[in-house]
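Reader: I am new to reading protein models. Please take one part and go through it closely with me.

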Amino acid sequence: MRNSLFSWFFLMLICSLQLSFCIFVASGQCLGDQQSLLLQLKNSLVFSSDSSTKLVNWNQSADCCLWEGVKCKEGHVIALDLTNESIHDGLNNLSSLFQLQHLQSLNLAYNNFNGSPIPSEFDKLTALRYLNLSYAGFAGQIPIAISRLTRLVILDFSSCYFPITVPLTLENPNFNLLVQNLSELIELYLDGVNISAQGNKWCEALSSSLPNLRVLSLSNCYLSGPIDSTLLKLQSLSIIRLDNNNLSTPIPEFFTNFTKLTSLRLSSSGLIGTFPRKIFQVPTLENIDLSNNVLLHGPLPDFPPNESLRTLVLSSTSLSGTLSDSIGNLTKLSRMDLSNCNFSGSMPRSLSKLTQLIYLDMSSNNFTGSIPSLRMAQKLTQINLSHNDLIGHITSTHWEELLNLVSLDLRYNSLNGSIPASLFSLPLLQKLDLSNSQFSGQLNEIPNVSSHLLDTLDLSNNNLEGPIPVSVFELRRLKILSLSSNNFNGSLQLNMIQQLRNLSHLDLSYNRLWIEYNRTNSSLSSFPQLTILKLASSRLKKFPDFLRNQSKLTYLDLSDNQIDGDIPNWIWKPSNLHYLNLSFNHLVTLEGPFSNLPSLSVLDLRSNQLLGQLPVLPPSATYLDFSRNNFSAVIPASIGDSLTYAYFFSLSSNTFNGSIPASICNATYLQILDLSNNLFNGKIPQCLIEMSGTLAVLNLRKNKLNGSIPNSFPGNCILQTLNLNRNLIEGRLPRSLGSCTKLEVLDIGNNLIEDTLPCYLKNYTFMLRVLVLRSNKFGGPIGCSEPNTTWPMLQIVDLASNNFVGELPKVFAWKAMTDYENEDQSQLNHRQFEAFSFNRFYYQDTITVTLKGLELEFVKILTVLTSIDFSCNNLEGPIPVEYGGLKSLYALNFSHNALTGQIPPSLANLTQLESLDLSRNKLEGEIPMQLADSLTFLSALNLSFNHLVGRIPLYKQFNTFSEASYAGNKGLCGFPLKVECTYAEPKPPPTLEESPSNYENVIDWNLISAELGIIFGFGIVIGPLMFFKRWRIWYSKYIDDILFGIFPRLYLGKEYRRRPMHRN
């Protein structure tokens, strides 16, 4: 028995040794030639020893099969993995790599071969089944040798392509030649390779050569559509990635027939048309990404119960419609991104069923209603519902169980009520953005601030009130704090931010706060290093001196405060400062040196009391505003040299004098130049007019400029505003102004220009909104003889105080005056020029309009402010009835002319009219009753000194005007004139509600009874005379005797004649 056990033990030992030997032989001790080849490879490659974790440890003292990145079989190297080894050179056709004949797997991904080509010797590695050269820095043509690796199962040449780099390309060989022999290929990754093939070419190449393909990844390959139906042959396809191409095609319905499809990525691929809804219902689908296809539209389907779909990304498409409750059937969904689409309706309550949800983004849609409870989705880390129309309160029950929530973004909605304290109790919350909503009430103290992870808190643009809780300034991890544009009140010590050591962005602007700063004994370095500080409209009285030590400051806004005195020199020290706004304060002295601010891009010092000369400008500034100060003296002749990068430059409303220096034309990027309301004299530099190829706004109004306007507007003129009002300019309008096809505001009023109406402009300046020629020497007729459309966008036309003659024109195409814009739009829209789209700077035109007898200066020209002023000319003839079609007109002034005829009743259609002046003409007839009934907005009326007659209608608004509105009309009577009317007051005109059409079935019995009485009385007298002869003879003789007794001379014997009597 003992021998038997010993025998069994010995046998097992022998077998174990044999097995170990077999394993040793299989894994293999590295053969000498293999180790030598690997060491040669190491020595030829150029790599960073500090970053390498594999190559750096290869040496002769160890078996090469034990080296990291090496795998052997029977002593032969079969797999080599040198990913992320910081290799940047040394792989060429002579490399020992290509002598490793047994190599089956090669991975050189994530290195940097600095744009070197892929060696052409790869076809020597005939055993290769896996080849990965992705993101390795290769460039140029992929060699034909790759197509000879017929055993390849996985091929990955993915690369990052940037415009400044040379991509991998497939030209010769092309894509078809590359894949034609790779019939065993299962996974193909060519992302970033320039294939440049039409849809039928690349689809047919795939379907005819790669029957077993499961993974197709061709993103950013310059592929175009359409997607050919031959692709349907690839029934094993599981993953399709075609994003970042320009397919410009609809997605075909046959994609629903890929029964093994798990992932479909088509983002940024130029998809158009309606997306097939059935694709969403493919039961195997786990991930779908259609993002950034703005021409892709259609609704989402009803989702059946689905245990597969994990990721649904549809952002930045035009998919629309409502979301049905069936979305709750996607129970495995972990990421849903529907942002920036056109979805509407309420958010489905079934969202609460998505218990696996981690990421939810439904921002920038048209969702309405309240936010459904998401408390069951306890894995949520990100929620973004911003930029919708959501309403209602957000109660604590919405959030208190979302213990994994890291980011909550609800900004730009109409959410209201108080902010629940439970939001600040979420243990992992880092970002909370509730800005631009309607939250109100006081902000409660934040519990457990010491352990809070919150780093971003944005509650700006709400209706929050009361003091800012002290605990906000104890959130030690806070980096961004924005509480601007609320109703927070009380005093606030700015020194409190010393506790927020990580703070980089602070915005407390536009509240009712009284921000105070007390100099402390503590070091200025105890304040956090801010990059953005906004304290606008905070009643701040002095510069906080902790700013001395703010070396990282890039953005500083202290505008609209009560800071007076000097601007301290240390304000210019932060070398990274690019935005500085000190406008609307009481600053007096401006000291440099601006030359120490190489990064300063925006400098806004308007509306202060700054004195003296213009300082040397910062060298890199793009926006410079020195307007509304007390600067004086002459502008430096070389000022243009300091405006190299300037887009906006304003010196308006100062007392600068002298001529405009020609060097200002060196500012070749300038879009807006405003030198208005100064004392500049001399001529307009010709080069300034020639700059209108880039200049959009030129405002020189209210100066003392003379001479004529240079006739040098270039053919590529982009000028939108030209304002030369109140100067001493003479001559004629230059004909080259017709090149400015984008012109919207032309104001040359109050000059000495002698010309006719510039009808030639109407064929070019279709966008013209404002035309002011007031107080010049223009003459001739107002109308343009050509029948073409004249300025359809025109909303303000002022031709007053000139020498225009003839009749008023009858036909207009002023669409802006005929289309009525609703009240909401009128409050929001005004004419402005966007100077910097990235910084949201807008220039607003200033224009003087005479309304209601007063000269009013409009800084914002509302797009609904419409006005016609033809007063003080020599116009004659009647007022055309066509003016009644200008339904959105706000002001109409034809005074001080020689107009005749009656006031047309069609003017009653001008229901938006607020000012009507027809005084000092030769108008006659009565004041139309319809005007009194319809012009209910009229607040200024002047019909004085005409030839009007009749009673003044005293209905509605006409009952409020004074005697001056009607003076000088000898035929008018009634209140408010002292002349009384001698006849009965007429009834008011019927309103639309009282018109007969509305009463056709109603009987007025009072009227009928009176008529019946008259008829009955008349019948009693006339009836007997008609039917009884004796009565008729007696009546005739009796009346004859009476008439003979009264008028004997009328007696003519038996026969006499009765003449009709006419009463005046």
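Let me start with charged side chains. Which residues are linked with Arg-411 in a network of salt bridges?

Author: The partners are Asp-409 and Asp-433, which are linked with Arg-411 in one network. A salt bridge here is a side-chain nitrogen of Lys or Arg within 4 Å of a carboxyl oxygen of Asp or Glu. Before going on, note that this is a predicted model, where local features need pLDDT of at least 70 and side-chain atom pairs count only at pLDDT 80 or more, while totals for chains, interfaces and linings use all residues. Residues are numbered from 1 along each chain as its sequence is written, and side-chain values use heavy atoms, with hydrogens and water left out.

By this rule there are 15 salt bridges. Take Glu-121 and Lys-124. Their side chains meet at 2.8 Å, N to O. Glu-121 is buried, at 18% relative accessible area. Lys-124 is partly exposed, at 41%. The cut-offs are these: buried is under 20% relative accessible area, exposed is over 50%, and partly exposed is in between, with a 1.4 Å probe and protein chains only.

Next comes Arg-129 with Glu-184. The closest N and O atoms of this salt bridge are 3.6 Å apart. Arg-129 sits in the loop between strand S5 (105-107) and strand S6 (130-132), and Glu-184 in the loop between helix H3 (175-179) and strand S10 (187-189), so the pair ties together parts that are 55 residues apart in sequence. Helices (H or I, at least four residues) and strands (E, at least two) are DSSP runs, numbered from the N terminus. Arg-129 is partly exposed at 36%. Glu-184 is partly exposed at 36%.

Now look at Arg-774 and Asp-798. In this salt bridge the closest N and O atoms are 2.7 Å apart. Arg-774 is in the loop between strand S54 (770-772) and strand S55 (779-781), while Asp-798 is in strand S56 (residues 796-798), so the pair ties together parts that are 24 residues apart in sequence. Arg-774 is buried at 12%, and Asp-798 is buried at 5%.

An open sheet has 11 strands, paired in parallel, in the order S14-S16-S18-S20-S22-S24-S26-S28-S30-S32-S34. Its edge strands, S14 (272-274) and S34 (512-516), each pair on one side only. Two strands pair if DSSP finds at least two bridges between them. From one strand to the next the twist averages 20 degrees. Such angles run from 0 to 180 degrees between N-to-C directions, along lines fitted to C-alpha atoms, for helices over the stretch in contact.

Look inside this sheet. Strand S26 (residues 414-417) runs parallel to strand S28 (residues 438-442), and 2 bridges join them. Asn-416 stands opposite Gln-438 in S28.

Ser-316 is not a glycine, yet its phi is positive, about 55 degrees. Ser-316 lies in the loop between strand S17 (311-313) and strand S18 (317-322). At 15% relative accessibility, Ser-316 is buried. Ser-485 also has a positive phi, near 55 degrees. Its loop runs between strand S31 (480-482) and strand S32 (487-493). Ser-485 is partly exposed, at 24%.

Finish with proline. The peptide bond from Asn-172 to Pro-173 is cis, with omega near 10 degrees. Pro-173 is in the loop between strand S9 (168-169) and H3.
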